[in-house]
Amino acid sequence: MTTTAPRPIRARDRVLPHPPYRLPVLGDVWDLHVTDSSQWGMRGAQRYGGIYEREILGARITYVSDPELLREINDDALWSKFLGVPIRDLRSVAGDGLFTAHNSEPNWARAHAILAPSFTAPAMRGYHATMRRCVGELVEHWTARAGEWVDVPGDTNKVALEVIGRTGFGFDFESFTRTEAHPVVSAMLRALTYINRSAYSHPLVERTAFRRQRAQHLADVALVNGTIDEVIAARRAAGAGGYGDLLDRMLTVADPETGETLDEKNIRNQILTFLAAGHETSAGVMAFALHYLAVHPDIAARARSEIAEVWTGDELDFEQVAKLRYVRRIVDESLRLWPTAPGYFRKAKADTLLGGRYPFERNEWVFIVLLQLHRDPLWGGDPESFDPDRFLPERVRARHPELYRPFGVGMRACIGRQFAYHEIVLVLATVLREFDLTADPDYALRVRETITLKPEGLRLKLSRR
Ligand code: HEM
């Protein structure tokens, strides 16, 4: 009896659909969209299918949105997080913070063990009053502008930044009282914009053609780092331990496994990480949800009757937030259509034949196109329509398990998921209770991509109810 050796897995044997007119050397470079890469990734999936590729100067970018293939790719035993461009470039500011750490860096496991308890439901109870104060400032801000058009993504950004700044580190950015953004906020935004733009650039180009922007970028990073170091020093001087926030835990708690604490530089990296990962994503969801609520008065009315039933006293209590099931479904449906972190990268842990068909060598990577996964025909009906009842428990139970992944997967999934749901539901419930929303009849939803997604130019008129 003869046995045949298994065929070796070779990347060059992988044949995937790709845009037509592939050029020698340049590959599919003509088909690369830098400013709307996620929406372009989705259109590509609609044209070429649930797995396809673009080849850019010899590098292969594989786009996956087929839920069946995700059964393997999302399995931490087979594939793991990969730091793709532009996440890798964020390391220049956030170093080995949780989001940008490599899987193998010891600081990831240490920080995860120390910080995970700060993101559980009981921890949310400790942040609730602070979150409510921040939302109160948003209400005051919008009350003062009643009847005017308000810049919704700009203002939801402010509230989400205040929430993470104050619950995380006791830092008040004074977003609603300053006429201009806090210098740290401006520096941080410029730094993220620079990183996003320069992600596909060459260092030499940055040192020459973009010399001025690079110098500004370095100054921005220095300002942000300096301010965070001052916050840490002030907390140490005041005596950490009594604040119950993330900074307290980082300064006082040791990894239960190893007994080690986080070092000074890593604490700074974590603070930067939470500021960056923890506000634009949530703020974008609030803004998208307010857009859909303004253009679907029937959905807003249903949410308001739930809010009236649950919110019986003066303030919305911690326990009541979890009872707002319909508002939560509105959040989920907003995140389905516009997952504000629009994708994630995974790399193969070993040579593998993905789906029994596509050879991937160890360490080759793919990008998950959430915008398309979340519009897969398996969702049924018209996937473009906004229908919070897609998230009714019985429909969630019947759904393909890989069809909804706005917070990523596995051990590197979003640590701030509960935190995000709590603050977004709190904001939406408060705004719906306090204001009537009027949509701009001339507005058609446009989605702007930085590293996250937001509804560009969205403005609403709010009047007190
Ligand atoms: C709706 C809001 C949010 C969305 C859509 C979101 C989405 C995501 C996604 C997709 C990942 C995985 C990225 C990857 O695999 O490369 C992630 C990771 C992460 N998120 Fe979020 N996030 C949100 C809110 C937050 C908040 C509020 C915080 C903090 C307060 C936060 C902190 C983090 C951190 C630290 C990680 C890295 C976790 C690790 O690798 O250990 N996120 N998030």
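Reply: In this predicted model, the buried residues of helix 15 are Val-327, Arg-328, Arg-329, Ile-330, Val-331, Glu-333, Ser-334, Leu-335 and Arg-336. Each of these residues counts as buried because 20 or more other C-beta atoms lie within 10 Å of its own. Among the elements that cover them are helix 12 (280-295), helix 13 (297-310) and helix 18.

The length of helix 15 may be considered next. Its 13 residues, at 1.5 Å a residue, should span 18 Å, and the end C-alpha atoms are 19 Å apart, which agrees with that expectation.

Helix 15 covers residues 325-337 and helix 18 covers residues 417-434; the two pack at an angle of about 110°, and their axes are 10 Å apart. Helix 15 is therefore roughly perpendicular to helix 18, since angles of 65 to 115 degrees are placed in that class. The crossing of helix 15 with helix 18 is right-handed. On the side of helix 15, the contact is formed by Val-327, Arg-328, Ile-330 and Val-331, while helix 18 contributes Tyr-421, Ile-424, Val-425, Leu-428 and Ala-429. Sorted by class, this contact between helix 15 and helix 18 holds eight nonpolar residues, one charged residue and no polar residues.

For helix 12 and helix 18, the packing angle is about 35° and the axes are 10 Å apart. This crossing, too, is right-handed. Thr-281, Ser-282, Val-285, Met-286, Ala-289, Leu-290 and Leu-293 of helix 12 meet Ala-420, Glu-423, Ile-424, Val-427, Leu-428, Val-431 and Leu-432 of helix 18. By class, 11 nonpolar, two polar and one charged residues make up this contact of helix 12 with helix 18.

Several individual positions remain. Pro-8 lies in the segment before helix 1 (37-48), and it is exposed because 9 other C-beta atoms lie within 10 Å. Pro-8 and Asp-351 are separated by 343 residues in sequence, whereas their C-alpha atoms are 8.7 Å apart in space. Val-25 also belongs to the segment before helix 1. Val-25 is not a glycine, although its phi is positive, at about 65°. With 8 other C-beta atoms within 10 Å, Val-25 is exposed.

Leu-57 provides another example of a positive phi in a residue other than glycine, with a value near 50°. It is situated in the loop between strand 1 (51-56) and strand 2 (59-64). Leu-57 counts as exposed, having 9 C-beta neighbours inside 10 Å.

Finally, Ala-219 is found in helix 9 (residues 211-238). Ala-219 has 13 C-beta neighbours inside 10 Å and so counts as partly exposed. Between Ala-219 and Ile-415 there is a separation of 196 residues in sequence and 30 Å in space, C-alpha to C-alpha.

Notes:
Residues numbered from 1 in each chain as written. Predicted model: local features only at pLDDT ≥ 70, side-chain atom pairs only at ≥ 80, totals over all residues. Axes fitted to C-alpha atoms, helices over the stretch in contact; angles between N-to-C directions. Helix = DSSP H or I, 4+ residues; strand = E, 2+ residues; numbered from the N terminus. Parallel < 35°, antiparallel > 145°, perpendicular 65-115°, else oblique. Left-handed = near helix turned anticlockwise from the far one by under 90°. Contact = placed C-beta atoms within 7 Å. Nonpolar A, V, L, I, M, F, W, Y, C, P; charged D, E, K, R; others polar. Expected span 1.5 Å × (residues − 1). Buried ≥ 20, exposed ≤ 12 C-beta atoms within 10 Å, placed from the backbone.
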